[in-house]
Amino acid sequence: MSAPTYDLGKLHGGLRLTANKQVSTEQPIIDVPVPEHLVLPLVQHVGDPVHPLIQIGDRVLKGQLIAEVEGTLGAPVHASSSGKVVAIEPWPIARRYGDNAPCIVIETDGKDEPVKRADIPPSYRAMTPEDLLTLILRGGIVGLGGAVFPTAQKLMQARTCKIDHLILNGVECEPYISCDDRLMRERAAEVISGARILLHALQIDSCFIAVESDKPEAIHALARLLTSLQDDRLVLKQVPTIYPSGGEDQLVQLVANREVPSGGLPSDVGCLVQNVGTAAAIHDWLIHNQPLISRVTTVTGDGINHPVNVRARIGTPVADVIEYIGGYSDMAEQLIIGGPMTGKSVTTDRVPVVKATNSILVLSKTPAINPEMPCIRCGDCAAVCPVQLLPQQLFWYACADNEVKLRQFGLTDCIECGCCDLVCPSHIPLTADFRIAKGRIRELADEKARAVRARERFEARNDRLKREQDERETQLAQQKESARKAGPAAIAAILRRKQQQSEDD
Amino acid sequence: MEFERHDAPFITPMVSVPSLMLQVLAALVPAAIAHVWFFGPGFIFNLIVAALFAAAGETLMLKLRNRNPVAGLQDFSALVTAALLAFALPSLTPWWVTATGALFAVIVAKHLYGGLGFNIFNPAMAGYVVILVAFPMHLNLWVAPQMGDLDYPAMTVMQTLAFTLTGALPDGLTYDAVSRATPLDVMKSGLNNARTVVEIRAVPIMGDFGGRGWEWIGNFLAIGGFWLLIKKIIRWQIPAGIGLGLLLPATIMYTIDPGSHASPGFHLFAGATILCAFFIATDPVSAATSPRGRFIYGVGIGLIIYSIRLWGSYADGVAFAVLIMNMAVPAIDYLTRPHIVGHDAYGAQDE
């Protein structure tokens, strides 16, 4: 099979990292059984929290809609198995800010009884794109690459732009993670079917499937299928194994050779990126009527006895997953949800597998490193930055809290990939510092907006007071004028009337 | 199970400042051996004096600034400064001259500007210029290279040590007997006296390109420099820029008038050109930081070195060239910002 590497754009910097994927890709994906409790967070991604449709004590069935989108951005949540709702309470989840979030807790009954669907949807080919998008929204489908942006809304936004290419992201550039690799090897047909549904939804006829060169089996599986399908809308592209080529904007640059504008979206340059797992989930929903209630996730690291990829129901506590596949090794010290470059470290394995969980990484303690030293301006960070920022200058301005310079030097364009941290000889936690600086810039912007609103209110009030004052003066002048015109007799009459009034009071 | 919480990324950084500094020092070892071979043991004494006083200055300043002196010394940056200073000094240098340079480098040029990472000027070159101005006579005591056929009285180890400690020559030896003008000095004074390059190059200390002995040190410095390039500890832009900035005008002038201008090869191998290109100008702290900026910084240094050698009153201009370009670094960095992906030209997104 030929390796399809051609027509690629150029990505600045990046790193060749030790992949550590071998051990988890040896075995096929294994299914984790239904756990005793399922924990389904009401906040799983950007947008508004979902609103529960069930009460404590209700019996729910597998695939039943249990929480609905309240605002404009979000995705509904379905029960991942049958059982009884026992609580809606705060529970630890993996996210960067704050440890706990409200969750629906279901005590499973082991029957795994699916909900009966009255409406079997028609073939997607017969549907209008609008109806198809509405249907995708109802499936609770979100981006499974890690960013978990609700898919339907992303597609709706893209429909308002002129889109040329759908890009399926099977790059999976972060070390350790191999769930997409295994998925593409085992479910290539479903991935491609999902891609064709997406092409129909977008009404376009160009899809690039991008896979990193270190996944020859996945490339082979997809290429073989594409050859037999003879669908020339789908083109497989092999991208070099350089982290972070799988970042959304980076992939657009690499595959379509277009730069996503600062603060913009890939749709601004005619591209839409979807993860391969998302495509498979869309297939499952539209063809097999199965909403997003499970996902493939990589459980790996030197803190795990038998690293492997698993299919776990959304809501399965991480502890249950790890116990099922053979438990922690003696070296387990750190639990990370996500990859080693961008993942989130959590303090407890009670956190559930959610739609965003592409990896459960258990590592031994990172070896003791030298303490942070002053920046020596070596510039290695700038050499590896995929956005071509100058992290050494940003760090300087972040220390000085210089908001203007931080904006000018592109802090908000930082994708937090962590490359600069890895090459910094002074061991400065640059990415963490930039996250803090970004937060401060947001706060400052909010503060400014509040100040502007307050000034507007103040000015509006002054204007109103002045207007009222003017009106009173005009009125008074008119009264005086009319009195003067009426002559002294009338003035005397008015004065008498006033006197009368004050006596009455 | 409960776990500790950390920040992403969770992969250990690949390099550290102390390892970088140690590799720079390692790259200097072959040239140091060559230096001792050709110019006697004075280099070692200079290095020891410079290292001791640099370390003392570092410790003192870190204590005064309420920092941990042990951690500060362990980054080995003071040792690199001392080594570069030792390479710039003649092998016969009294200890107080070396000490003045080392102390000025570490205390004033480095710590008074905020310590490692904050110094505007290259500490070794700032220290060197101070002693060049304060003790001009002492920096002329270059012994002739010991090449066998060059018949100059060589000083023994003990005589060299005695000179380092007391500044006095052994009985019966005079400055004129032991010291020789450097090739650059010979070239400069020869040209000033209206001699031709061919005549000047007939002087016995001149080698194939630069001076005898000097050329070999240059070769070993270049080997160390290329090793640093391969290890990606330094990047190519500064050495290439210096090469271009120095050799382009030298080639032009030599082509126009070879009788009164030294060849590009002489400029490359004479004086501290190679040391500067690979080890001095590449000090990241005081150099420009963007790739294009580094090239411009290098070209500027090369041009200034050539200008000083051609028109200046000093024979070599490396230290001044580096310090002058240090001053230009903020402007260079500002004007050579790379294009940020997704931004319009020039990277700036002014509001």
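Predicted model: local features only at pLDDT ≥ 70, side-chain atom pairs only at ≥ 80, totals over all residues.
Reader: Chain A first. How do H4(A) and H8(A) cross?
Author: Helix H4 (residues 179-186) of chain A and helix H8 (residues 276-288) of chain A have axes that come within 9 Å and cross at roughly 45°. Helices here are DSSP runs of H or I with at least four residues, strands are runs of E with at least two, and both are numbered from the N terminus. Axes are lines fitted to C-alpha atoms, for helices over the stretch in contact, and angles run from 0 to 180 degrees between N-to-C directions.

Reader: What is that angle called?
Author: H4(A) and H8(A) are therefore oblique to each other. Under 35 degrees counts as roughly parallel, over 145 as roughly antiparallel, 65 to 115 as roughly perpendicular, and the rest as oblique.

Reader: Which residues make the contact?
Author: Asp180(A), Leu183(A) and Met184(A) come from H4(A), and Val276(A), Gly277(A) and Ala280(A) come from H8(A). Two residues are in contact if their C-beta atoms, placed from the backbone, lie within 7 Å. The residues of this contact divide into four nonpolar, one polar and one charged. Ala, Val, Leu, Ile, Met, Phe, Trp, Tyr, Cys and Pro count as nonpolar, Asp, Glu, Lys and Arg as charged, and the others, Gly among them, as polar.

Reader: And how does H5(A) meet H8(A)?
Author: The axes of helix H5 (residues 188-202) of chain A and H8(A) come within 7 Å and cross at roughly 80°. H5(A) and H8(A) are therefore roughly perpendicular to each other. The residues of H5(A) that meet H8(A) include Glu190(A), Val191(A) and Leu198(A). By class, the contact of H5(A) with H8(A) has 10 nonpolar, three polar and one charged.

Reader: How many residues does each chain put into the contact between them?
Author: Chain A gives 55 residues and chain B gives 39 residues. On the side of chain A that touches chain B, the elements that each supply at least two residues include helix H12 (403-408), helix H13 (419-423) and helix H14 (430-486) of chain A. That side has 27 nonpolar, 20 polar and eight charged residues.

Reader: What does Asp7(B) touch?
Author: Leaving aside its neighbours within four places in sequence, Asp7(B) is in contact with Pro429(A) and Ala432(A). Asp7(B) is in the segment before H1 of chain B.

Reader: On to chain B. How long is H2(B)?
Author: Helix H2 (residues 42-64) of chain B has 23 residues, which at 1.5 Å a residue should span 33 Å, and its end C-alpha atoms are 33 Å apart, which agrees. The expected span is 1.5 Å times one less than the number of residues. Just after H2(B), Asn66(B) takes a positive phi of about 60°.

Reader: How many residues of H14(B) are buried?
Author: Eight of the eight residues of helix H14 (residues 273-280) of chain B are buried, so it is largely enclosed by the rest of the structure.

Reader: How does H12(B) pack on H14(B)?
Author: H12(B) and H14(B) pack at an angle of about 150°, with their axes 8 Å apart. That makes H12(B) roughly antiparallel to H14(B). Pro239(B), Ile242(B), Gly243(B) and Leu246(B) in H12(B) meet Thr273(B), Cys276(B), Ala277(B) and Phe278(B) in H14(B).

How values were computed
Residues numbered from 1 in each chain as written. Chains lettered and ligands numbered in written order. Buried ≥ 20, exposed ≤ 12 C-beta atoms within 10 Å, placed from the backbone.
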